[in-house]
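Please look over the sequence and the structure shown below before reading the report.

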Amino acid sequence: MKLIDCFVMELPDNAATNPTREELERQQEVGHVWEVPELYSTAALRQVAEKAEAPYTLLYTKTTPLQMGMFALERWLRIAEDSQALWSYADHSQLKDGKLQAAPVIDYQFGSLRDDFNFGSVLLIRTDALKRAVADMKSNYRWAGLYDLRLRISRESLPMHINENLYVEVELDTRLSGQKIFDYVDPRNRDRQIEMEQACTEHLKAIGGYLEPKFDTPAFDQNDFKVEASVIIPVRNRVRTIRDAIRSVFCQKTDFKFNLIIIDNHSTDGTTEAIDEFADDERLIHLIPERLDLGIGGCWNLGIHHEKCGKFAVQLDSDDLYANENTLQTMVNAFYEQQCAMVVGTYRMTDFHLNEIAPGVIDHREWTPENGRNNALRINGLGAPRAFYTPLLRQIKVPNTSYGEDYALGLAFSRRYQIGRVYEVVYLCRRWEDNSDAALDINKTNANNLYKDRIRTWELQARVRK
């Protein structure tokens, strides 16, 4: 008995053969291999469900050639049967520019809700589970069908990761990690994002993790602060950019008092001396931690618990700048106008010399008052700059990490409070070769994604219990 029916995407009309189809037809476990125009819409998945007859359905989500490993499908099926997995995916290798590279993926968690979760390009799904999920689909998505399918099957059983290399895929996207991370907020993908949000919201309602747009209101009645706002800059070894960041703070025009708290995390490249050039300005508070174990989040904790920290704490990364002299006033005004405990601004992507680069302005319009805190579990970031009501931030505290700490705060705040939004550009996000996420290898990228999924899992578990 043939145990797998396969679905691969059609190649252009000028392609004489489809090498992936031929590769799969050679596998003794495979029954039919169907070519379909695409695999991402609800309509396409309905066709798959109608045609699939074997106990398992394999979806190949790329158009580049696929090579299965030796006895890989036999091994895959045995693991799927032994574990009773409804959806399984595997580590693999990628052929990039003629070189074979390992492409491990990460374990799926309860909170792995981001629509760009990397399963690799081969998915093995129990056909009965696929048919049940498709039969239950009410919406007709153009882009979010496969995402909807995954979420529905995950309600029965979480997708299973096989940490064995079972196939080789050809990878044509050779961009560095820092060039890929903003794809999900590219304005050109807005229609796709709206569909993904709809599918995720439906899933959250189904599992009891959806939050109604009802919020606690911060009182803003703690008045024992010497200044209204503090700009917080954690920094280590950014001598090329720290002066620009400082100047962009000190040029701010406000109707309130503010200061700048820089947590200089034992810099060794001249950053410390560069900060000291501004020591004559009494608004500068230059802190060097006694501890040696602080990440960016730990530095934030040091800054916000300082006695001179203001009523509102406003973020500025040491690579970046405020877009104009009104940024700080605009961010603080938003707290009072929108009665929120956290504010997220809008930024423009630039190169080192502040020339705009793609995708340009990032406004995170998916964060709406009605559904932003639910949609936050799907997306991979919250925008910049971020600002917080200090008394609440002191209660919640910042995770002592150097990645994802801001995302964790956004989720924690949004469970109870409205997140205010500023949709004008108030921040310049400078991309250059020394960004911490400019060129991460696959293992570091996986570690980062695993941690953010863990944050989502903890938050989602708390929301379900609420």
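## Two crossing helices

In this predicted model, Ala129, Leu130, Arg132, Ala133 and Val134 of helix α4 meet Leu149, Arg152, Ile153 and Glu156 of helix α5. Two packed helices are described by the angle between their axes and the distance between those axes. For α4 and α5, the axes come within 9 Å and cross at roughly 115 degrees, and the crossing is right-handed.

## One buried side of a helix

Helix α2, which covers residues 42-51, has as its buried residues Thr42, Ala44, Leu45, Val48 and Ala49. These residues lie on the same side of α2, because they cover an arc of only 155 degrees around its axis.

What do the buried residues of α2 pack against? Their partners are the strands β1 (4-9) and β3 (56-60), together with the helices α4 (127-135) and α5 (145-156).

## A strand enclosed on both faces

Strand β3 is largely enclosed by the rest of the structure, since five of its five residues are buried. In a regular strand the side chains alternate between the two faces of the sheet. In β3, Tyr56, Leu58 and Tyr60 are on one side and Thr57 and Leu59 are on the other, and with all of them buried, both faces are covered.

Strand β3 also pairs with other strands. With β1 it runs parallel, the two being joined by five bridges, and Phe7 has Leu59 of β3 as its bridge partner. With strand β7, which covers residues 122-126, β3 pairs in the antiparallel sense, again over five bridges, and here the bridge partner of Leu59 is Leu123.

## The nonpolar cores

In soluble globular proteins, nonpolar side chains tend to be buried together. The largest nonpolar core of this model has 107 residues, and those that touch the most other members are Leu59, Trp87, Leu149, Ile233, Leu260, Leu393 and Phe413.

Which residues does Leu393 contact, once its neighbours within four places in sequence are left aside? They are Trp300, Ile304, Ala313, Phe388, Val398, Leu409 and Phe413.

Most residues other than glycine have a negative phi, and most peptide bonds are trans. Against that background, the peptide bond from Ala358 to Pro359 is cis, with omega near 5 degrees, and Pro359 is found in strand β15, residues 356-362. Another cis peptide bond joins Ala384 and Pro385, where omega is about -5 degrees, and Pro385 lies in the loop between α12 (372-375) and β16 (386-389).

Gln339 is not a glycine, yet it has a positive phi of about 50 degrees; its place is in the loop between α11 (327-338) and β14 (342-350), and it counts as partly exposed because its relative accessibility is 34%. Leu354, likewise a residue other than glycine, has a positive phi near 70 degrees. Leu354 lies in the loop between β14 and β15 and is partly exposed, with a relative accessible area of 35%.

Definitions and conventions
Residues are numbered from 1 along each chain as its sequence is written. This is a predicted model: local features need pLDDT of at least 70, side-chain atom pairs count only at pLDDT 80 or more; totals for chains, interfaces and linings use all residues. Side-chain values use heavy atoms; hydrogens and water are left out. A nonpolar core is a set of buried Ala, Val, Leu, Ile, Met, Phe, Trp, Tyr and Cys residues joined through side-chain atoms within 4.5 Å. Buried means under 20% relative accessible area, exposed over 50%, partly exposed in between (1.4 Å probe, protein chains only). Contact means heavy atoms within 4.5 Å. Helices (H or I, at least four residues) and strands (E, at least two) are DSSP runs, numbered from the N terminus. The arc is that of the directions from the helix axis to the C-beta atoms. Two strands pair if DSSP finds at least two bridges between them. Axes are lines fitted to C-alpha atoms, for helices over the stretch in contact, and angles run from 0 to 180 degrees between N-to-C directions. A crossing is left-handed if the near helix is turned anticlockwise from the far one by less than a right angle, and right-handed if clockwise.
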